[in-house]
Amino acid sequence: ITEGPMTAAFLQQNPIVARTIQIRSDQTLDQLHRVIFRAFERDAPHMYEFRFGDKFKIAPERRYVMAEALEHLDRDERPSGITAKTTMASLKLKPGDVFHYWFDFGDDWWHWIEAKAIDRTMPDGRFPKIVSRTGCPLPQSRILASESFC
């Protein structure tokens, strides 16, 4: 589930925009960001972070930021961790746990992420991977949000 600069027409044609992604426990939040970027067919990089807690927009319990963001934070805004160093296992997620991915701080794309399953075995193959897609790719900017879509 996402929230961002989508038009009413886009939302009417795409009432659900979701992706199912599999990621290994030894992979990082940075790797999760990259697969989300691919899954929603983003074309321009922006700042991002992951946030945890009920008040994730205004007062997150935990937040994980890009290393580049550290230079822009005040001392009292220290994050819980850096996305490139934080593994999925270190988050201690359980099935049903929800956290948030904030992409492009100007357009404010908020992605709601739910841990659907936690496998204790390490799967074979290349990960992270996109397992399923529902709805069209999200328009990345307000300009694109008014154009035609799939």
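Reader: Leaving aside neighbours within four places in sequence, which residues is E114 in contact with?

Author: In this predicted model, E114 is in contact with G96, D97 and V98. Contact here asks for heavy atoms within 4.5 Å. E114 itself lies in strand β7.

Reader: And how far apart are the C-alpha atoms of E114 and L93?

Author: They are separated by 9.5 Å, and the two residues are 21 apart along the chain.

Reader: What makes E114 count as buried, exposed or something in between?

Author: You hold its value against two cut-offs. Buried means under 20% relative accessible area and exposed means over 50%. E114 comes out at 30%, so it counts as partly exposed.

Reader: E114 also turns up at the largest pocket. Which residues are closest to the centre of that pocket?

Author: About 1,100 Å³ of space lies in the largest pocket. Of its 34 lining residues, the closest to the centre are I21, E114, A115, K116 and A117. Strands β2 and β7 and helix α2 each supply at least two lining residues, and the largest share, 5 residues, comes from β2.

Reader: What kinds of residue make up that lining?

Author: By class, there are 21 nonpolar, 6 polar and 7 charged residues.

Reader: Okay, now α2. Why is α2 said to be largely enclosed?

Author: Count its buried residues. In α2, 8 of the 11 residues are buried, so the rest of the structure largely encloses this helix. The buried ones are L29, D30, L32, H33, V35, I36, F37 and A39.

Reader: What covers those buried residues of α2?

Author: The cover includes β2 (18-22), β3, β4 (62-65), β6, β7 and β8 (129-134).

Reader: What makes a group of residues a nonpolar core?

Author: There are two tests. Members must be buried residues from a set that includes Leu and Phe, and they must be joined through side-chain atoms within 4.5 Å. The largest such core here has 26 residues, and L29, L32, F50 and F99 have the most contacts inside it. The elements giving two or more residues to this core are α2 (29-39), β3 (48-52), β6 (98-103) and β7 (109-114). Helix α2 provides the largest share, 6 residues.

Reader: Which residues does F99 touch, leaving aside its neighbours within four places in sequence?

Author: F99 is in contact with L29, L32, F50, R51, F52, M88, L93, H111, W112 and I113.

Reader: What about β4 and β5: parallel or antiparallel?

Author: Parallel, over 2 bridges, with β5 covering residues 81-82. That count meets the cut-off of at least two, so the strands pair. Here Y64 has G81 in β5 as its bridge partner.

Reader: What makes K92 stand out?

Author: Its phi is positive, about 55°, although K92 is not a glycine. Most residues other than glycine have a negative phi. K92 is found in the loop between β5 and β6, and at 66% relative accessibility, over the 50% cut-off, it counts as exposed.

Reader: Where is D108, and how exposed is it?

Author: D108 sits in the loop between β6 and β7. Its relative accessible area of 31% falls between the 20% and 50% cut-offs, so D108 is partly exposed. D108 also has a positive phi, about 60°, without being a glycine.

Reader: Which peptide bond is cis?

Author: The one joining F127 and P128, where omega is about -5°. P128 is in the loop between β7 and β8. Most peptide bonds are trans.

Reader: How many helices and strands does the protein have?

Author: It has 3 helices and 8 strands, in the order β-α-β-α-β-β-β-β-β-β-α. Of its 150 residues, 39% count as buried.

How values were computed: Residues are numbered from 1 along each chain as its sequence is written. This is a predicted model: local features need pLDDT of at least 70, side-chain atom pairs count only at pLDDT 80 or more; totals for chains, interfaces and linings use all residues. Side-chain values use heavy atoms; hydrogens and water are left out. Buried means under 20% relative accessible area, exposed over 50%, partly exposed in between (1.4 Å probe, protein chains only). Helices (H or I, at least four residues) and strands (E, at least two) are DSSP runs, numbered from the N terminus. On a 1 Å grid over the protein atoms alone, a cavity is a set of points where a 1.4 Å probe fits but cannot get out, and a pocket is an open set with protein on both sides within 12 Å along at least five of seven lines; lining residues have an atom within 4 Å of a point. Grid points are joined across faces, edges and corners, and a volume is the space filled by probe spheres set on the points. Ala, Val, Leu, Ile, Met, Phe, Trp, Tyr, Cys and Pro count as nonpolar, Asp, Glu, Lys and Arg as charged, and the others, Gly among them, as polar.
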